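Hi everyone, thanks for making time for this one. Have a look at the structure on the screen, and then I'll walk you through it.

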Amino acid sequence: MQEPTFLILTALAEEPSHGYGVIRAVQTLSQGEVVLRPGTLYGALDRLSEQGLVEVDREEAVGGRLRRYYRLTSDGAAALSAQVERLRRNASAAEAGLRRFPNLGVAR
């Protein structure tokens with residue numbers, strides 16, 4: 001799973017959100033390292049929707065424009081959970097390897 005996808009699913013794990021909310025959440029979650037453009041986000045949301053990982057929660061009109069809210073599905077939550085476990089295993093392996101570099105402050 002690519003980092004932007006992981007962050008989009010993570011952003012939607014807590015509560016449904018509209019596109020701009022997802023963009024802001026991804027930027028916050030990544031501490032500014034990942035900045036999604038609207039075209040990229042909506043393409044990803046369409047793909048994730050086709051895969052059954054997210055779905056439209058609701059739509060509302062705001063200032064004459066339709067705002068669509070997305071939510072994580074149970075399949076999306078399962079995919080995110082599997083990715084979290086994979087990342088934990090990889091991080092543990094990296095930490096184990098880095099223990100030979102005590103000046104980095106990696107716990108022994």
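Let me start with a question: which residues does Thr5 touch, not counting residues up to four places away in sequence? The answer is Arg47 and Leu48, where touching, or contact, means heavy atoms within 4.5 Å.

Before going on, a word about what we are looking at. This is a predicted model, so local features need pLDDT of at least 70 and side-chain atom pairs count only at pLDDT 80 or more, while totals for chains, interfaces and linings use all residues. Residues are numbered from 1 along each chain as its sequence is written, and side-chain values use heavy atoms, with hydrogens and water left out.

Back to Thr5, then. Its place is in helix 1; helices here are DSSP runs of H or I with at least four residues, strands are runs of E with at least two, and both are numbered from the N terminus. Thr5 is buried, because its relative accessible area is 9%. For that term, buried means under 20% relative accessible area, exposed means over 50%, and partly exposed is in between, using a 1.4 Å probe and protein chains only.

Leu12 is also found in helix 1. Leu12 counts as buried, since its relative accessibility is 2%. If we leave aside neighbours within four places in sequence, Leu12 is in contact with Ser17, Val22, Leu45, Val54, Tyr70 and Leu72. Take Leu72 from that list: Leu12 and Leu72 are 60 residues apart in sequence, yet their C-alpha atoms are 5.6 Å apart in space.

Now, how does helix 1 pack with helix 4? Helix 1 covers residues 3–14 and helix 4 covers residues 74–98, and they pack at an angle of about 120° with their axes 10 Å apart. That makes helix 1 oblique to helix 4. In the scheme used here, under 35 degrees is roughly parallel, over 145 roughly antiparallel, 65 to 115 roughly perpendicular, and the rest oblique. The axes are lines fitted to C-alpha atoms, for helices over the stretch in contact, and angles run from 0 to 180 degrees between N-to-C directions.

Who meets whom? From helix 1 we have Phe6, Leu9, Thr10 and Ala13, and they meet Gly76, Leu80, Gln83, Val84 and Leu87 in helix 4. The residues of this contact divide into 6 nonpolar, 3 polar and no charged. The nonpolar class is Ala, Val, Leu, Ile, Met, Phe, Trp, Tyr, Cys and Pro, the charged class is Asp, Glu, Lys and Arg, and the others, Gly among them, are polar.

Staying in helix 4, let's look at Asn90. Asn90 is partly exposed, with a relative accessible area of 41%. The C-alpha atoms of Asn90 and Val56 are separated by 32 Å, although these residues are 34 apart along the chain.

Strand 2 is joined to strand 3 (residues 65–72) by 8 bridges. Among the bridge partners in strand 3, Arg68 goes with Glu59 and Leu66 goes with Ala61. The two strands form a hairpin with 2 residues between them, and Gly63 in the turn has a positive phi of about 60°.

Phi of Gln31 is near 55°, a positive value in a residue other than glycine. Gln31 counts as exposed, at 72% relative accessibility.

Technical notes. Pairing = 2+ DSSP bridges.
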